[in-house]
Structure formats: C-alpha cells, structure tokens
Amino acid sequence: MSAIEPELRPVSGPSALAGGTRRFWDLTWLIAVNKFRVTYLGTVLGYLWSLLRPLLLFGVLLFVFTQIIKLGKHVQDYPVLLLIDVMLFNFFQEATQSALTSVVQEEGVVRKTQFPRLAIPLASVLAGTFNLGVSLVAVFVFILGFGVGPYWTWLLLPALLAPLLTFTCAVAAILSALYVRFRDMAVIWSVLSQALFYATPVLYTVDIVPQQFRWVILLNPLTPIFIQVRHWIIDPSAPGAIDAAGGALHLVPAATLFVVICILAVWVFNREAPRMAEEL
Amino acid sequence: MALETRPDADTAPRRGAGDRATDLDAAPVAIEVRGLEKVFRIPAQRISRLKERLVRPLARQEYRRLHALRDVSFDVRSGEFFGIVGRNGSGKSSLLKVMASIYRADAGSVRMAGSVAPFIELGVGFDPELSARDNVVLNAVMMGMTPSEARRRLGAVIEFAELEEFVDLKLKNYSSGMLVRLAFAVMVQADTDILLIDEVLAVGDAAFQQKCADVFQGMRKEGKTIVLVTHDMTAVEKYCHRAMLLSDGRVVEIGDPGQVARRYLRLNFERHHEQAGQPSGDDSAPVRVLDIWLEGRDGQRRTSFEQDESIRICAELEALRGVPGAQFGFVVATADDIAVHEFVGQLSDSPGGGDMEAGRKASITVDLQNRLAPGRYYIHFGVTRDRNRKDVVLHLPHLLGFLVYGDQVSTAVVGTDYEMQISPEPGEEG
C-alpha cells in the first residue's frame, strides 16, 4: 500500500545471535551489568565477599607452598605471582562454572522469548570479567605494596587478558550448550577444571616441570598466558612464554588447540542453539 | 460485544468493526506462513547423561515422533487481529513459537513484514533481584529496543502500570498483582508492528482489566497486526477479525471468528466420540450447544468476575435426536484441570424424568456462589443419557474460560464460610 510499508522478510528461526548483533551485544552487556550489580550492590559486603574467596584460597596456597612444600623458594616474588595467578585462574573457573548452567537457568527466556542464545553464557563471562577487573585493582595494590614494579609492561595487561577472555568464552559456550543435553557435564567439568588448575603454571613455574612432562603443560592453551603474566607483570627477568617453552615452535600445539577450541565452540553452539528451546 | 447465538446469523453484518474488515482485504500481507512443518522427537527414554551415551554408544536412541504442525499455511494482513484456536496439543502454541523464532521449523517458511515481539507468558525474564527500572529496560531490549530508547520509555511503562512509587523497588518485594501490571505494561509499550500473544489477556484487578481491554481495542484501531493464541472463544469473538482453527497440527478452518468458534466446539465433540469408541454412523451430536456464556449479577455477558461476585452460567441447547433420561452437567475446573465444582441437572418439565425429544430446545442457567480464589478457570460441559452418569453422549472440555480477580490471595482453590476461634489456654505461668 503506502511506500513505508515494510516488506516481507523470512523469519530465520532461533540461533546463537538471533535478532541482530546490535541487540545481541546490548543484551549481553545489560545482563552482565545486572548480574554484577546484584552481587555487588545487593549486600554491603558483596564486593568483599567476592574478593574473599580467591584471597582465602591464596592464603592457604601461600602457606602450603612456602611453609610446607618449599615450592616458591626459588621463585622471585612468589607471593604476588601466586596472587595474580590465583585471581586469573579463579576468573576462568568461576566464569566457566557459572556459564555452564546459565542456559538451563535462563530456561524461561530461552523457551518463551526470541532470545539470542549465545548472549546467555557470554553474559556470565562478561560479569566474571567485571569481577576480575575489580579484583585486579586490589591485586595491583598488593603488588605495589610488596615492592614490585611498576613496570611499563603492565600496560600490556590487555594483551594478556584478551586471549584469556577469548578462551574462557569459547569454553563457556561449549559447556553451556552441552549442559542442556548432558546434565552430568557439571560433574565432569568440576573435575576437569580442577585438573586444568594443576596443568596450568599457577602454583609453580614451567622450569621446574620435568622435561618429559613439559609438553603436557605446554599443550594447555592457558600455559603461555600465565608464563607471560609472570614475565610482564611480576618479574621481567623471568623468561617469557617463547623462551620458557624453548622456542616458538613449542607453542604451536597450544596455539593450535586454542584455535581448535574456539572453532569448536562456534560449531557446537551454532549446532545446538536452534534446538535448545525443545531440549529444555 | 455480544456473541452471535445462531449459526444461521452468519450472513448478518458483524459488529461495528465490519467496515474495518473490508479494508483488511485490501491491506498488504504482514505475516505469510507457507507449508510449515514441525516434528518433535520425543525420546522414549531420555538419555540426558553423557555417561549413558558412553556406556552404550551404539544403543539407538528411540524416538516417538510428534507431528506438531502439518503443512500449515495462512496469511495475516497488516492491521489484522488474528485468532488461533485449538485444543490443548493441537499445535497452536508450537505455531506461535515457530513464528516467534523460538522453535525452528522443520520445513516451510514464515515471512513477516516489520518488527515482531512475542508474548508467550507475562513477565518472562524478570529478575526478582533487580528493581522495576532495570527489569523494564532489560525486557524492552529483549523486545528489540536499544537501551537508550528503553530508558526513554520507562516513564510511560511505569505510569501505565501505576507503579510510580515503586520504580526502584526490587521485584521480589512486589505483590503478584503489581508484577502482572508491570509485565503487561511492558508488553503494551512494545512498539513493534506485529505482536504474537499467547493467552495473556486476562490479568489484574477490575480497573486494570478495563484498561487492558481498552488497550487491546486501541491496538486494533491503531492497525497493529496481532496474532492471539487462545482457547477462550469469547476473546476470539470479541477481538479478532478472523480466526484459524487448528487440530492435530492441521488447519481446519480459517475465517469468521464466530464460525470458527462453533467449529471448535463441534470438533471437541467429535473427538469425544472417537475416544469413546462410539459406533460409526452415529458420529453427529444428538445434542448441540447453540450458545454458552457467563453473566454477572448485572445480566451482562462477561469472562471475568471479581472475587465473591456471583456467576451465572448460561447455555442454550438443541436436541437433534431424542435423548432419553438426559442429564446435563457443568464442571468448573482450574487451569491445571482440577475439577472444583460440578453441577448436574435434568429438564424440569419432562414427565418421563428428563427425556429430551428431538428438535427440542432448552436453556440452562446455573447460579454459582462464587467462592473461587483469583485465577483462571474453565468450564466443561457434558450430557449423559438414561440417567446413567457414565453414558456420555456429549462432552465438551474447555468450552469457556473465565477469570476471577481480586486480592484475597489464598493457597486454596475454593473458600468457604467458617468460624475460627483461637483462645489462649490458661497456662501455668510461674
């Protein structure tokens, strides 16, 4: 009829990004901000609480690995290295853990609204990222108080967080999609992520790992990130990821696995997204 | 708007919107559905654990196939209020979900002109930990607005919901009535061209009810395209320009709402015969319901009643063949299909104890002292013969839906008169 009459366009059906990327990011952002606000503004102690958990873990680990097992003896500034490592790994673990059940928890919006499915696990990761940001402020105060730095390489922190965040998002997407179908993913992941904690140089540095097992540690996509954190943030004299691995070639497996997991995430989530409403 | 009571009245001009209906034929198509198919695979035994998959990797998962939609095609014109009716399980909700991009279609296509917002349930995605302000913004963004646009409209939403003083209150502290008002206000403010609505019409207290009715009439006049899924025939006849009847995932009829509503009643009846295994050749109804409605004390037809307000159930019947010893029964049931009341009676002036001769018409009224708790209820209607309550000749479940509103919330479905005394025991206080 009139010229402004919109034309018929096919309805695409449910998908990871349904409804346009603009809306997708708006939603992801809003949900994440809301989640973050609920934890922080909900209680006066909210901020302290979420900081307390990794701090307590840090305290226990610090005691065990400096007083009982003298793991940190030869590592310079071991306490602050351990602190930032624990914070970073804690982010990965909490973000993936909360993303895992996120789609099932948001069952209502999945089954009853047209909702870009991927926004749900990503919002969990994003909220975790806000938490991490706040924690890192505290961490850097500690580091300075400990008499380390500042170094100009601290400015490279975003270059460390970017791959960590990407990897976390990929794992979160895979887990949340699989959990819709296989409810024992929760148990499996709690064990797997615990194993990953030990397979990542959080407590130790790569140089003390026996040569015959080092390839296992170096296969872990998180490993190069954590090595580089030490080099750039805590101790510039410590080897960077390439040196610690013994050449760039030794980082190829981890990089490959990183890319494979990212591609897998896109594939799995796109495959599962249209069916999620029916599976729930 | 009154129901049309006689089938032969079809040719008579319908309601005031009749002129509108002719305009609609010339309007462009807003929703085009072609050859839509949807099959649900329901696992005979659900393998929800990876463990089971791993233990028996080759075990073939057995599925029951549920054909929810079969070759469904229809058009909705721009500015049309289109009703989709059908029994539970007829595929009407699945159809709405496919149109809303919640389910994926297995075959066929859906094309729409303009922006779409689905309303499958009120208040989906509300977070009790957040304030009304945050929830309204989030919900609006879910419906496709940008955050800044959503914030701009916040005032209008809150005003419509009459919750100005509570805008920063967390939803967990809201009463259920306030929640419903907020949810409805969010929906009303959705500025999309097409709305897909699944039975969320009747909510709130009396004043709000009126407001909602106004809004729906307003949307109609504004020329929004609305698809309403319901099994409330009164709503269909009141609001819809056209209606579509689905049965077993197939389109049975598309057309005049009154005609579709009657076809729906007839279909319910036929189904009963199939289920009861009636001898073939006897598949037409011995009794036909010509009309059924509810009245308030004021004698007006209504579908919502205030708590404690008496309700009159009215029905007009016609016997196509004789029914000896006919007994007529209504059941009032909750939305979860729990029977609350049963009313059974027979013809009062018949000497043979309730024989109903062929061609005879009868009207039934039941005056119900309404002690129902707020909520949605349905009326089932049935006829038995030979004074045998088991010999059912007509059974029409979910014939009518109605709503009881009020704020005396109770965990029980029905209230009753009682006296309760609580007196302190003379204790042995030291």
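This is a predicted model: local features need pLDDT of at least 70, side-chain atom pairs count only at pLDDT 80 or more; totals for chains, interfaces and linings use all residues.
## Chain A as a whole

Of the 280 residues in chain A, 41% count as buried. Among the contacts in chain A with a separation of 6 or more, 77% are accounted for by residues 24 or more positions apart.

## Where the two chains meet

In the contact between the chains, 37 residues of chain A are in contact with 39 residues of chain B. On the side of chain A that touches chain B, at least two residues each are supplied by strand E1 (8–10), helix H1 (21–41), helix H4 (107–112), helix H7 (185–198) and helix H12 (276–279) of chain A. Helix H1 of chain A gives the most to that side, with 6 residues, and the residues of the side as a whole divide into 17 nonpolar, 8 polar and 12 charged.

Strand pairing also links the two chains, for 3 bridges join E1 of chain A to strand E4 (residues 107–113) of chain B, and these two strands run antiparallel. Within this pairing, A:Pro10 stands opposite B:Arg111 in E4 of chain B.

In soluble globular proteins, nonpolar side chains tend to be buried together. In this model the largest nonpolar core holds 154 residues, and the members that touch the most other members are A:Ile84, A:Ala173, A:Leu175, B:Val141, B:Leu196 and B:Val227. Helix H3 (residues 78–105) of chain A gives the most to this core, with 16 residues. When neighbours within four places in sequence are left aside, A:Ile84 is in contact with A:Val139, A:Val229, A:Ile233 and A:Ile234.

A second, separate core has 32 residues, which include B:Ile313, B:Ala326, B:Met356 and B:Val404.

## An open sheet in chain B

In chain B, 3 strands form an open sheet with antiparallel pairing, in the order E10-E12-E15. Strand E10 (287–295) and strand E15 (361–368) of chain B stand at the edges of this sheet with a single partner strand each, so one side of each is left without a neighbour in the sheet. Neighbouring strands of the sheet are turned by 15° against each other on average, direction ignored.

Strand E10 of chain B is joined by 8 bridges to strand E12 (residues 311–319) of chain B, and the two run antiparallel. One of the facing pairs is B:Asp291, which stands opposite B:Glu316 in E12 of chain B.

## Strand E17 and its partners

Strand E17 (residues 392–405) of chain B is largely enclosed by the rest of the structure, because 11 of its 14 residues are buried. Strand E11 (residues 304–306) of chain B is joined to E17 of chain B by 3 bridges and runs parallel to it, with B:Leu403 in E17 as the bridge partner of B:Ser304. Strand E16 (residues 375–384) of chain B, by contrast, runs antiparallel to E17 of chain B, to which 9 bridges join it. In E17 of chain B, B:Val404 stands opposite B:Gly375, and B:Val404 is also included in the second core.

## Two partly exposed residues of chain B

B:His67 is found in strand E2 (residues 63–77) of chain B and is partly exposed, with 14 other C-beta atoms within 10 Å. Leaving aside neighbours within four places in sequence, B:His67 is in contact with B:Val39 and B:Gly249. B:His67 and B:Arg133 are 66 residues apart in sequence and, from C-alpha to C-alpha, 42 Å apart in space.

B:Glu162 is found in the loop between helix H5 (147–161) and helix H6 (176–188) of chain B, and with 15 other C-beta atoms within 10 Å it is partly exposed. Although B:Glu162 and B:Leu182 are 20 residues apart in sequence, they are 8.3 Å apart in space, C-alpha to C-alpha.

How values were computed
Residues are numbered from 1 along each chain as its sequence is written. Chains are lettered from A and ligands numbered from 1 in the order in which they are written. Two strands pair if DSSP finds at least two bridges between them. Helices (H or I, at least four residues) and strands (E, at least two) are DSSP runs, numbered from the N terminus. Axes are lines fitted to C-alpha atoms, for helices over the stretch in contact, and angles run from 0 to 180 degrees between N-to-C directions. Two residues are in contact if their C-beta atoms, placed from the backbone, lie within 7 Å. Ala, Val, Leu, Ile, Met, Phe, Trp, Tyr, Cys and Pro count as nonpolar, Asp, Glu, Lys and Arg as charged, and the others, Gly among them, as polar. A residue is buried if 20 or more other C-beta atoms lie within 10 Å of its own, exposed if 12 or fewer, and partly exposed in between; C-beta atoms are placed from the backbone. A nonpolar core is a set of buried Ala, Val, Leu, Ile, Met, Phe, Trp, Tyr and Cys residues joined through C-beta atoms within 7 Å.
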